[in-house]
Amino acid sequence: MKRLLLPSGSEMPVLGQGTWNMGEDPAARRDEVAALRLGLELGMNLIDTAEMYGEGGAEEVVGEAIAGRRDDVFLVSKVYPHNADREGVQAACERSLRRLRTERIDLYLLHWRGNVPLEDTLEGLLRLREQGKIGDFGVSNFDLDDMLEAAALPGGELVASNQVLYNLLQRGVEWELLPWCRERRLPLMAYSPLESSPQEQGALLGNPQLAAVARRHGVTPARVALAWLLRQEGVAVIPKAVRLEHVRDNRAALDLALTAEDLAQLDAGFPAPRRRRPLAMR
Ligand code: NAP
């Protein structure tokens, strides 16, 4: 699996698995664990979760899926903004570690910006890093102005990644956020790479230009959408899938090479941004 270098020197796999909506229904748990385990067997060994998902339920599913294979996994979790003051982030991380049944989260993110001053959050995250409870820390849903503010604070130079909405339909980050991150060798993590709401996913996967590229390669539109993200320099991608055929399809996106003709057709179907827009979120 190709890896991206974090500013600390650690490496993060370029393709992983999301877990939003997991851990909410006990009847679905077996399938969710099986999907994550299949993904790990296929080499998608970054798992992204959060204390928010299923109010801890998703972290428990992940804990079960990675039991006995923790060393093979690059584990990402996130703290709620309202838990992200100096003491709160410590307690939240410890709760996450218990649910994940591990002693260390590889990358711990502030889920989005709330009312807690960023310097307090960074102080808490630095302390967790010193304690070895987290490897790296980062942010999520941060636009360029938030990144600049964080970068100027003590510990801000250690922010390792920014997880944001990025897919063919939502290309706003290409205007200035992605170039800024690339310049600093700070990987962006693309969330909702396939758009999870039925309406948005329909608009993405039902796009005629995407369908034409998929037909040319004899693959699904989803695989093309992921392959397109995976070829962006400095971007990691975290599709969520419970159906096993989806897990296999997502892994196969790594092996799909898009041609110049494909890329031009995708640009026609999903135009790149022509001006600055506020960061979109889900
Ligand atoms: P997503 O991964 O883009 O889409 C998930 C949906 O697509 C599910 O309904 C899934 O179905 C389906 N799917 C997966 N693979 C497919 C394939 N090959 N073909 C067709 N359909 C496929 O959406 P997401 O869950 O919103 O985003 C991914 C992850 O990013 C999340 O799970 C979460 O970890 C993270 N995230 C972070 C934030 C943040 O604020 N930081 C926000 C949103 C998401 P099945 O499950 O039925 O297989």
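In the predicted model, helices H8 and H9 pack against each other, and their axes come within 8 Å. H8 spans residues 208-217 and H9 spans residues 221-230. The two axes cross at roughly 100 degrees. Angles of 65 to 115 degrees count as roughly perpendicular, so H8 is roughly perpendicular to H9. On the H8 side, the contact is made by Leu210, Val213 and Ala214. H9 contributes Pro221, Val224 and Ala225. By class, the contact comprises six nonpolar residues, with no polar and no charged residues.

The largest pocket holds about 680 Å³ of space. Its lining consists of 34 residues. Ser192, Glu195, Ser196, Pro239 and Lys240 are the closest of these to the pocket centre. Two helices, H7 (198-205) and H10 (244-252), each supply at least two residues of this lining. H10 gives the most, with three residues. The lining of the largest pocket divides into 15 nonpolar, 12 polar and seven charged residues.

The second largest pocket contains about 380 Å³ of space. It is lined by 22 residues. Closest to the centre of this pocket are Gln170, Arg171, Gly172, Pro273 and Arg277. Its lining has 13 nonpolar residues, two polar residues and seven charged residues.

Notes
Residues are numbered from 1 along each chain as its sequence is written. This is a predicted model: local features need pLDDT of at least 70, side-chain atom pairs count only at pLDDT 80 or more; totals for chains, interfaces and linings use all residues. Side-chain values use heavy atoms; hydrogens and water are left out. On a 1 Å grid over the protein atoms alone, a cavity is a set of points where a 1.4 Å probe fits but cannot get out, and a pocket is an open set with protein on both sides within 12 Å along at least five of seven lines; lining residues have an atom within 4 Å of a point. Grid points are joined across faces, edges and corners, and a volume is the space filled by probe spheres set on the points. Helices (H or I, at least four residues) and strands (E, at least two) are DSSP runs, numbered from the N terminus. Ala, Val, Leu, Ile, Met, Phe, Trp, Tyr, Cys and Pro count as nonpolar, Asp, Glu, Lys and Arg as charged, and the others, Gly among them, as polar. Axes are lines fitted to C-alpha atoms, for helices over the stretch in contact, and angles run from 0 to 180 degrees between N-to-C directions. Angles under 35 degrees count as roughly parallel, over 145 as roughly antiparallel, 65 to 115 as roughly perpendicular and the rest as oblique. Contact means heavy atoms within 4.5 Å.
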